[in-house]
Amino acid sequence: MTPGQFIDAALWFPEADESEPFGPGALVYKVAGQKMFALLTGGADQGGEDDAPATVNLKCDPGLALELRDRYPAVTPGYHMSKKHWNSVLLDGTVPDDEVAEMLRHSYVLVASSLRRADRDRVLVVLGDDAPDLGGAGTATPEQA
């Protein structure tokens, strides 16, 4: 998944917005303008080095976080985040796009579930069971990877 594809997917979620509170090159994605569910840094699209892949930090259930770290070398404990609740995912193509999209959805739902009831109910009912469309470019199933 490219940084551009990740940005499109992150902004697809209900009431998701993008900001740069930490300065240029670190894109923060919040739900309902309140809580962060993703942080994208690096990569050519973000003003980083041309050959360095971007990294995204995503919130994750602690048990699942450990499983994902075991399954994919590109998934590590969250850089500058709670190592128990956040993963850093290197967008170098080694994690299938549909898996990154599922991690993104998982992060969004976890964070949205912690909002106050009115906000939580509003964004989660709009989300339903949908997931962002990746356009079929570069997606691979675990069997293909």
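This is a predicted model: local features need pLDDT of at least 70, side-chain atom pairs count only at pLDDT 80 or more; totals for chains, interfaces and linings use all residues.
**Entry: the pocket**

I started with the largest pocket, which comes out at about 160 Å³. Who lines it? I listed Phe22, Met36, Leu39, Thr41, Thr55, Val56, Asn57, Tyr79, His80, Met81 and Ser88. Then I looked up which elements those residues belong to. Strand 3, residues 35-41, and strand 4, residues 55-59, each give the lining at least two residues. I also sorted the pocket lining by class and got 6 nonpolar residues, 5 polar ones and no charged ones.

**Entry: the cavity**

Next I wanted to know how many cavities of 30 Å³ or more the whole structure holds. The search turned up 1. The largest cavity has a volume of about 40 Å³. Around it I found Leu58, Lys59, Cys60, Leu68, Asn87, Val89, Met103 and His106. Strand 4 shows up again here: along with strand 6 (86-90) and helix 3, it supplies at least two residues each to the cavity lining. By class, I noted 5 nonpolar, 2 polar and 1 charged for this lining.

**Entry: the cores**

Then I turned to the largest nonpolar core, which has 36 residues. Which of them touch the most other members? I wrote down Phe6, Tyr29, Val31, Phe37, Leu40, Val89 and Leu104. Several elements put two or more residues into this core, including helix 1 (3-12), strand 2 (26-31), helix 2 (62-71) and helix 4 (117-127). Strand 3, strand 4 and helix 3 (97-113) are on that list too. The largest share is 7 residues, and helix 3 provides it.

Skipping its neighbours within four places in sequence, I found Leu104 in contact with Phe6, Ala9, Ala10, Phe13, Phe37, Ala38 and Leu58. Two of these names, Phe6 and Phe37, were already on my list of core residues that touch the most other members.

There is also a second, separate core of 6 residues. Among them are Ala26, Val28, Leu39 and Trp86.

**Entry: helix 3**

Helix 3 kept coming up, and I checked its length last. Its 17 residues reach 24 Å from the first C-alpha to the last, close to the 24 Å expected at 1.5 Å a residue. Which residues of helix 3 are buried? My list reads Asp97, Glu99, Val100, Ala101, Met103, Leu104, Arg105, Ser107, Tyr108, Val111 and Ala112. One of these, Met103, also lines the largest cavity.

Key: Residues are numbered from 1 along each chain as its sequence is written. Side-chain values use heavy atoms; hydrogens and water are left out. On a 1 Å grid over the protein atoms alone, a cavity is a set of points where a 1.4 Å probe fits but cannot get out, and a pocket is an open set with protein on both sides within 12 Å along at least five of seven lines; lining residues have an atom within 4 Å of a point. Grid points are joined across faces, edges and corners, and a volume is the space filled by probe spheres set on the points. Helices (H or I, at least four residues) and strands (E, at least two) are DSSP runs, numbered from the N terminus. Ala, Val, Leu, Ile, Met, Phe, Trp, Tyr, Cys and Pro count as nonpolar, Asp, Glu, Lys and Arg as charged, and the others, Gly among them, as polar. A nonpolar core is a set of buried Ala, Val, Leu, Ile, Met, Phe, Trp, Tyr and Cys residues joined through side-chain atoms within 4.5 Å. Buried means under 20% relative accessible area, exposed over 50%, partly exposed in between (1.4 Å probe, protein chains only). Contact means heavy atoms within 4.5 Å. The expected span of a helix is 1.5 Å times one less than its number of residues.
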